[in-house]
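Work through the exercises below with the sequence and the 3D structure at hand. Each task is followed by its solution.

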Amino acid sequence: MAKRVGMEVSLAIGEAAKLADVDVVAAYPITPQTHIVEHLAELVANGELKSAYIPVESEHSAMSACLGSAAVGARTFTATAGQGLELMHEVLYVAASMQLPMVMAVANRALSAPLSVWGDHSDVMAVRDTGWIQIFTENGQEVFDTVLCAFRIAEDPKVLLPVMVHLDGFHLSHMIEPILISEEDEVKRFLPPFKYPLALDPKKPVTMGAFAPPVIYSEARKAQEVHLAGTKEAIVKCWDEFASIFGRRYLPVETYRAEGAKTLLMTMGSFSETAMETIDKMRADGKDIGLVRLRLWRPFPTTELRQAVKDAETLVVFDRAISLGSQAGPVCSEVRSALYNLEKKPRVASVIGGLGGRDVTVAGFEEIINIGIKMAKKESQQEIEIFGVRE
Amino acid sequence: MAVKSESELGWKDIETGCIVTEAGSAAQYPTGGWRSQKPEYDNSKCNKCGLCYIYCPDCSITQQPDGFYKVDMFYCKGCGICAKECPRDVITMVPEAG
């Protein structure tokens with residue numbers, strides 16, 4: 001039986017990596033991810049985790065070391081946040097396009113300047129096109145579960161891709177929550193040993209990361225795009241199998257009291273839990289309202305999203321990141337694009353908030369919904385709103 | 001299976017992770033096509049010291065059974081390093097025809 005333990009979410013991530021019996025951890029500490037790698041360093045130092053721990057000199061090196069360890073078929077874990085994810089940026093593409101499976105927890109953080117160590121989704125959105133599978137989480141249990149699932153997904157022979165597990169910096173990373181820590185034998189049953197079919201082998205030499213002139217680059221990218229889009233099936237299958245062993249079920253797009261609702265709010269990450277309370281309150285007040293929560297960010301679950309919002313008149317998309325110079329929040333842009341060619345679709349409003357660690361309360365989400373409804377009216381010219389900004 | 005050339009490969013032919021499964025495939029790449037000048041040897045001045053062979057960055061120069069050196073024009077990019085380094089002015093860079 002799994003043990004229910006009160007634990008900081010960052011430490012639970014370390015425990016998940018330990019249960020996954022990772023071979024290599026290469027990471028550089030950065031707020032608000034630090035407790036994750038500190039805990040892993042402790043587990044390695046006191047012999048609880050038999051893993052190579054590479055204390056690198058930067059995030060660029062962390063991700064580069066991870067490329068190498070994944071290429072020899074070692075189960076590889078790292079974690080970062082904010083500026084650290086940005087410093088990794090160019091190497092992230094390499095991990096995905098060379099199909100090197102690994103798992104990275106990202107304690108989502110705002111980007112400078114002004115310097116902020118607090119949470120938002122700026123770092124996620126800057127790496128959305130890198131080719132990684134990316135999953136949002138809402139609470140400590142989900143983070144723990146998703147790290148285990150991420151290894152299983154990454155290492156699935158039909159997938160073989162790196163996976164990012166997004167958790168909100170501080171709002172999740174530094175919370176102490178009751179978390180069911182799975183038993184080792186359950187995890188072993190769910191997550192068999194990693195057998196990377198392409199592992200570097202002197203007896204079978206290959207070239208990884210070769211040069212591609214214009215005559216072949218487009219073909220390589222198309223192959224990558226088709227492959228990434230096709231991994232959704234394996235992701236859903238992994239979550240189904242996780243549910244059959246552990247009893248907790250995850251879906252690419254999840255809803256809350258959304259069936260037949262005229263107005264829908266859409267959220268990602270831990271703020272979804274606050275938004276659920278808002279929905280309860282507004283439902284109790286007689287409002288026709290529901291919530292759509294995006295869990296799978298890459299590959300983007302277009303079909304599931306369309307299905308979830310098809311009957312709504314208004315969809316208010318809440319982004320915790322700003323796409324400077326654009327006309328909507330980054331998630332909202334994609335949602336609009338996914339719906340645009342449909343005959344019947346909700347009007348979509350983009351509300352941005354929760355930037356740089358700013359909290360959004362239950363009352364705040366009610367305000368956001370009301371602002372969004374006003375913006376979505378046909379006569380409204382307003383495309384975007386940054387919530388709660390003082391004049 | 002016959003190896004397809006790059007221009008014949010479709011996206012479905014791309015290996016997992018875009019790896020190249022054939023070892024040493026760079027040997028098939030004709031870098032000689034980059035050349036605008038080519039090295040010409042006047043072996044009457046050559047004492048077979050081998051500096052051209054040592055300095056060639058592409059390993060395009062090999063020693064022949066008679067001891068003189070010959071350039072493999074399939075790989076030679078015409079960089080001119082051999083001509084610059086030769087202490088006896090054996091090698092002259094001349095423009096490629098056409």
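**Exercise 1. Locate B:Met73 and decide whether B:Met73 is buried, partly exposed or exposed.**

Step 1. B:Met73 sits in the loop that runs between β3 (69-71) and α2 (81-85) of chain B; helices (H or I, at least four residues) and strands (E, at least two) are DSSP runs, numbered from the N terminus.

Step 2. B:Met73 is partly exposed because its relative accessibility is 29%; buried means under 20% relative accessible area, exposed over 50%, partly exposed in between (1.4 Å probe, protein chains only).

Step 3. Beyond its neighbours within four places in sequence, B:Met73 is in contact (heavy atoms within 4.5 Å) with B:Gly32, B:Arg35, B:Lys38, B:Pro39 and B:Glu96.

The model is predicted: local features need pLDDT of at least 70 and side-chain atom pairs pLDDT 80 or more, while totals for chains, interfaces and linings use all residues. Residues are numbered from 1 along each chain as its sequence is written, chains are lettered from A and ligands numbered from 1 in the order in which they are written, and side-chain values use heavy atoms, with hydrogens and water left out.

**Exercise 2. Describe helix α14 of chain A and its packing.**

Step 1. Residues 362-376 of chain A form α14, whose 15 residues reach 21 Å from first to last C-alpha.

Step 2. Among the buried residues of α14(A) are A:Phe365, A:Ile368, A:Ile369 and A:Met375.

Step 3. The buried residues of α14(A) pack against elements of chain A including β10 (263-268), α11 (271-284) and β15 (384-386).

**Exercise 3. How many residues does each chain bring to the contact?**

Solution. Chain A gives 19 residues and chain B gives 14 residues.

Technical notes:
The expected span of a helix is 1.5 Å times one less than its number of residues.
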